[in-house]
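Visitor: I am new to this structure and would like to be walked through it. Could we look at it together?

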Amino acid sequence: MKTNKLKTIFITLLIAAVMPIAAICADKPLPPKSKPADNIIRVLAIGNSFSEDAVEQYLYELAAADSIKVIIGNLYYPGCSLERHANNVNNDIPDYRYRKIVDGNTEQRDSTTIKYALADESWDYVSVQQASHFSGLPETYEPYLKELVDYVRQGIRKDTKLMFHFTWAYSNDSDHDGFKSYGNNQIKMYESIVNAVKQADNEMDFDIIIPCGTAIQNGRTSSLGDTFNRDGYHLQLTYGRYTAACTWFEAVFGESVVGNSYAPEGVTPLQKQIAQEAAHAAVINPFEITKIKK
């Protein structure tokens, strides 16, 4: 009887000792892997459907056309806000569909955590972003952005570049509920996103801002007009997504996308030129609209 009682006390103390350690392990990323010597650039987006629009379709092909070897990862949860991302890292929640493009082929892993994705590769670039409807509302960024960034920085190499994906304003005819926060006004939404991203960058000191929002706004000044969305907020499937991919290409790889030989099937030479020039101008002037005279 006495032995059983002692055993019970021992097990109780053991559980009490182990539980805090388990909790600590659950909400901290694994140590980052060393950088491989294979000349492959590894890019991870922690996002939602807007990062899906930007990196999952045409970025790999743009890089390949310029002889850049790349692995692209995207953590997707629809409409995922910084608040949800922060909650997911704090509680190690397997919320995401994780897609990875390797050698031009897409692999998919469902019910994935940010911890898993960070440890999956020795990433050279990692991006974070806000949900589109909150993207121009600075009060929705904190404390969640800092919690997410602090977590990510623990799971990446010291030389890994941390990026912020500056997303786009909705089309003028969008019926998205979140558009009401900006008076259903595209320019007001764009300017609000610019101000919010500037504030976030001042606080977090990102290595790179990926100005897709400005690239899309630049494209809207061209002869294509306000046609860069397919449903009022997600990007049009060919030149819309291509414009975002061109922006990522130039912002991440540091090489002009103008003149890159790749364009998706169905994109006309004029659309290709507008997309490339809109992206190029955005990287040069990330917070100002540049008119595309085509």
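Guide: The answers below go through the sheet, its helices, the core and some individual residues. Please note that this is a predicted model.

Visitor: Let us begin with the sheet. How many strands form it, and in what order?

Guide: The open sheet has seven strands, ordered β4-β3-β2-β1-β5-β6-β7, and their pairing is mixed.

Visitor: Which strands stand at the edges?

Guide: Those are β4 (105-112) and β7 (208-211). Each has a single partner strand, so one side of each is left without a neighbour in the sheet. From one strand to the next, the twist averages 20°.

Visitor: Which helices pack on the sheet?

Guide: Helix α8 (residues 212-220) is one of them; it touches β6 and β7, and its direction makes about 30° with that of β7. Helix α9 (residues 239-253) also packs on the sheet, where it touches β1 (41-46), β2 (70-76), β5, β6 and β7. The direction of α9 makes about 160° with that of β7.

Visitor: Let me ask about β1. With which strands does it pair?

Guide: β1 pairs with β2 in the parallel sense over six bridges. With β5, β1 also pairs in the parallel sense, over three bridges. V43 illustrates both pairings: it stands opposite I72 in β2 and opposite Y125 in β5.

Visitor: Why is β1 described as largely enclosed?

Guide: Five of the six residues of β1 are buried, so the strand is largely enclosed by the rest of the structure.

Visitor: And how do β5 and β6 run relative to each other, parallel or antiparallel?

Guide: Strands β5 (residues 125-128) and β6 (residues 161-166) run parallel and are joined by four bridges. Within β6, L162 is the bridge partner of V126.

Visitor: Now the core. Which residues touch the most other members?

Guide: The largest nonpolar core has 82 residues, and I114, L145, F206 and W248 touch the most other members. The element that gives the most to this core is α9, with ten residues.

Visitor: What does W248 touch?

Guide: Leaving aside residues up to four places away in sequence, W248 touches V43, A45, A54, V55, L59, S127, M163, H165, I210, C212 and F253.

Visitor: Changing topic: where is N88?

Guide: N88 lies in helix α4, which covers residues 82-91.

Visitor: Is N88 buried or exposed?

Guide: N88 has a relative accessible area of 3%; because buried means under 20%, N88 counts as buried.

Visitor: What does its side chain contact?

Guide: The side chain of N88 makes a polar contact with the side chain of D95, at 3.1 Å. Not counting residues up to four places away in sequence, N88 touches I93, D95 and Y96.

Visitor: Which other residues of α4 are buried?

Guide: Besides N88, the buried residues of α4 are L82, H85, A86 and V89. Seen down the helix axis, the buried residues of α4 fall within an arc of 160°, so they line one face of the helix. An α-helix has 3.6 residues a turn, so residues three or four places apart point the same way.

Visitor: What follows α4?

Guide: α4 is followed by D92, whose phi is positive, near 55°.

Visitor: Which residues in loops have a positive phi?

Guide: S67 and D103 are among them. S67, although not a glycine, has a positive phi of about 60° and is found in the loop between α3 (59-65) and β2. D103, also not a glycine, has a positive phi of about 55° and is found in the loop between β3 (96-102) and β4. Most residues other than glycine have a negative phi, and most peptide bonds are trans.

Visitor: Are S67 and D103 buried or exposed?

Guide: S67 is exposed, with a relative accessible area of 68%. D103 is exposed as well, at 64%.

Visitor: Where is there a cis peptide bond?

Guide: The peptide bond from E142 to P143 is cis, with omega near 10°. P143 is found in the loop between β5 and α6 (144-154).

Terms used:
Residues are numbered from 1 along each chain as its sequence is written. This is a predicted model: local features need pLDDT of at least 70, side-chain atom pairs count only at pLDDT 80 or more; totals for chains, interfaces and linings use all residues. Side-chain values use heavy atoms; hydrogens and water are left out. Helices (H or I, at least four residues) and strands (E, at least two) are DSSP runs, numbered from the N terminus. Buried means under 20% relative accessible area, exposed over 50%, partly exposed in between (1.4 Å probe, protein chains only). A polar contact is a pair of N or O atoms within 3.5 Å; within protein, one must be able to donate a hydrogen and the other to accept it, and residues adjacent in sequence count only if both atoms are side-chain atoms. Contact means heavy atoms within 4.5 Å. The arc is that of the directions from the helix axis to the C-beta atoms. Two strands pair if DSSP finds at least two bridges between them. Axes are lines fitted to C-alpha atoms, for helices over the stretch in contact, and angles run from 0 to 180 degrees between N-to-C directions. A nonpolar core is a set of buried Ala, Val, Leu, Ile, Met, Phe, Trp, Tyr and Cys residues joined through side-chain atoms within 4.5 Å.
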